[in-house]
Amino acid sequence: MKIPNTTSNITGFILLGFPCSREGQILLFVLFSGVYLLTLTGNDSITCVVYWDQRLHTPMYILLANFSFLEICYVTSTIPNMLANFLSDNKVISFSGCFLQFYFFFSLGATESFFLAIMAFDRYLAICWPLHYPTLMTRRLCSNLVVSCWVLGFLWFLIPIIIISQMSFCGSRIIDHFLCDPSPLLALTCKKAPVIEIVFSSLCPVPLIILCSFIMGSYALILRAVFKVPSAAGRRKAFSTCGSHLAVVLLFCGSVVIMYGSPASEHEAGMQKIVTLFYSVVTPLLNPVIYSLRKKDMKMALQKFLRLLKVLIKNVLEQLESKIVFNLFTNIYKNHI
């Protein structure tokens with residue numbers, strides 16, 4: 001890997017990513033391209049199915065559709081730049097590109113935490129207050145919660161990115177990561193600011209701890225209510241409605257807690273990359289599988305949607321084929337005349 005010489009007057013950063021041979025970089029490019037396409041396809045399918053099927057226009061599935069769209073945005077904030085770096089010799093990202101990636105990646109991560117909390121709240125109302133659920137979780141309340149998640153998520157890191165974008169950076173411009181993380185960015189500043197470092201180190205874990213505590217509290221109440229259900233079939237049905245969401249919560253929150261709960265050191269840089277990769281790439285890839293396999297309504301809607309999509313594609317191909325044949329015979333006829 002070719003790295004340009006670093007100077008005090010720098011014009012960008014170098015994202016090391018996953019250093020390896022040229023053949024390894026190409027292999028990683030193919031691997032992550034496949035993961036990216038699968039993630040887009042899976043999450044986009046859920047979003048389209050919920051929009052297309054009127055029966056899924058309920059608060060639970062509306063939240064799920066927004067969550068799937070969020071996952072598409074989340075992986076898009078990192079993987080395209082990662083793919084470009086695999087094929088690049090210098091691995092350079094501009095200041096503006098780095099700051100934009102930082103803002104969107106962490107804002108979308110915060111938004112995901114808010115959505116997971118709201119989805120847990122929705123399951124709590126559905127299981128603990130089933131008779132009052134339709135009047136409590138109305139379409140208007142659901143819409144307000146969705147808008148609040150997006151707005152709060154993107155406001156959370158607005159001031160930090162403004163502060164860090166105004167800083168001066170000196171010396172080495174190498175970031176030993178595949179994205180612009182705040183810790184290595186602050187390490188490259190010309191003037192150390194302990195207060196800002198404390199603010200940055202608190203902004204990520206604090207909302208996560210609060211939201212995870214809220215989610216765990218909601219599920220504690222849900223479990224208490226489920227164990228009071230007299231029939232085994234009723235308990236299985238209650239578990240099936242929230243099991244998929246709990247699995248996603250454990251995947252996302254568990255990996256993020258490991259990431260920000262472990263001390264940053266050079267020896268742990270590789271592990272932190274893997275953990276970041278897990279919650280930013282692997283979790284969005286698994287979400288469609290978890291939700292589609294665990295929910296019967298979603299599986300049926302997906303099957304109908306895929307059948308309809310297959311018919312539409314077949315009709316389009318037939319029309320294209322007919323048009324091509326028609327144009328071919330038209331040209332032959334004109335040539336003979």
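Biologist: In which hand, left-handed or right-handed, does H4 pass H6 in their crossing?

Modeller: The model is predicted. In it, H4 passes H6 in a right-handed crossing. On the H4 side, the contact is made by Tyr103, Phe104, Ser107, Leu108, Ala110, Thr111, Phe114, Phe115 and Ile118. H6 contributes Leu145, Val146, Cys149, Trp150, Leu152, Gly153, Phe154 and Trp156. Two packed helices are described by the angle between their axes and the distance between the axes. Here helix H4 covers residues 95–128 and helix H6 covers residues 139–156. Their axes come within 7 Å and cross at roughly 145°.

Glutamine 101 is in helix H4. Glutamine 101 is buried, because its relative accessible area is 7%, and buried means under 20%. Not counting residues up to four places away in sequence, glutamine 101 touches Leu15, Ser77, Thr78, Asn81, Ile93, Phe178, Leu179 and Cys180. One of these residues, leucine 179, is 78 residues from glutamine 101 in sequence. The C-alpha atoms of glutamine 101 and leucine 179 are 7.4 Å apart in space.

Side chains of opposite charge can pair when their charged atoms come close. Serine 218, in helix H10 (residues 205–227), is in contact with Ala120 and Tyr124, leaving aside its neighbours within four places in sequence. With a relative accessible area of 5%, serine 218 is therefore buried.

The loop between H3 and S2 holds lysine 91. The phi of lysine 91 is near 60°, a positive value in a residue other than glycine. Most residues other than glycine have a negative phi, and most peptide bonds are trans. Lysine 91 has a relative accessibility of 3%, so it counts as buried.

A search of the whole structure finds 4 salt bridges. One of them pairs aspartate 89 with arginine 22, with 3.8 Å between the closest N and O atoms. This pair links distant parts of the chain, 67 residues apart: aspartate 89 is in the loop between helix H3 (79–86) and strand S2 (92–94), and arginine 22 is in helix H1. Aspartate 89 has a relative accessible area of 49% and is therefore partly exposed. Arginine 22, at 40%, is also partly exposed. Another salt bridge is formed by the side chains of arginine 55 and aspartate 53, at 3.1 Å from N to O. Aspartate 53 counts as buried because its relative accessibility is 6%.

Tryptophan 52 lies in helix H1 (residues 22–52). At 32% relative accessibility, tryptophan 52 counts as partly exposed. Trp52 belongs to a nonpolar patch on the surface, together with Leu306, Leu308, Leu309, Leu312, Ile313, Val316, Leu317 and Leu320. The accessible area of these residues together is about 780 Å². Helix H13 (residues 296–336) supplies the largest share of the patch, 8 residues.

Glycine 171 is in the loop between helix H7 (158–165) and strand S3 (174–175). Its relative accessibility is 36%, so glycine 171 counts as partly exposed. Leucine 188 is 17 residues from glycine 171 along the chain, and their C-alpha atoms are separated by 6.9 Å.

For the chain as a whole, there are 13 helices and 3 strands. Buried residues make up 43% of the 337 residues. Among contacts with a separation of 6 or more, 79% are between residues 24 or more positions apart. The accessible surface of the chain comes to about 18200 Å², and 69% of that surface belongs to carbon and sulfur atoms.

Notes:
Residues numbered from 1 in each chain as written. Predicted model: local features only at pLDDT ≥ 70, side-chain atom pairs only at ≥ 80, totals over all residues. Heavy atoms only, no water. Patch = residues over 30% accessible without salt bridge, like charges linked within 9 Å, V, L, I, M, F, W, Y side chains within 5 Å. Areas by Shrake-Rupley, 256 points an atom, 1.4 Å probe, with all protein chains shown as cover. Helix = DSSP H or I, 4+ residues; strand = E, 2+ residues; numbered from the N terminus. Buried < 20%, exposed > 50% of the residue type's maximum accessible area, 1.4 Å probe, protein only. Axes fitted to C-alpha atoms, helices over the stretch in contact; angles between N-to-C directions. Left-handed = near helix turned anticlockwise from the far one by under 90°. Contact = heavy atoms within 4.5 Å.
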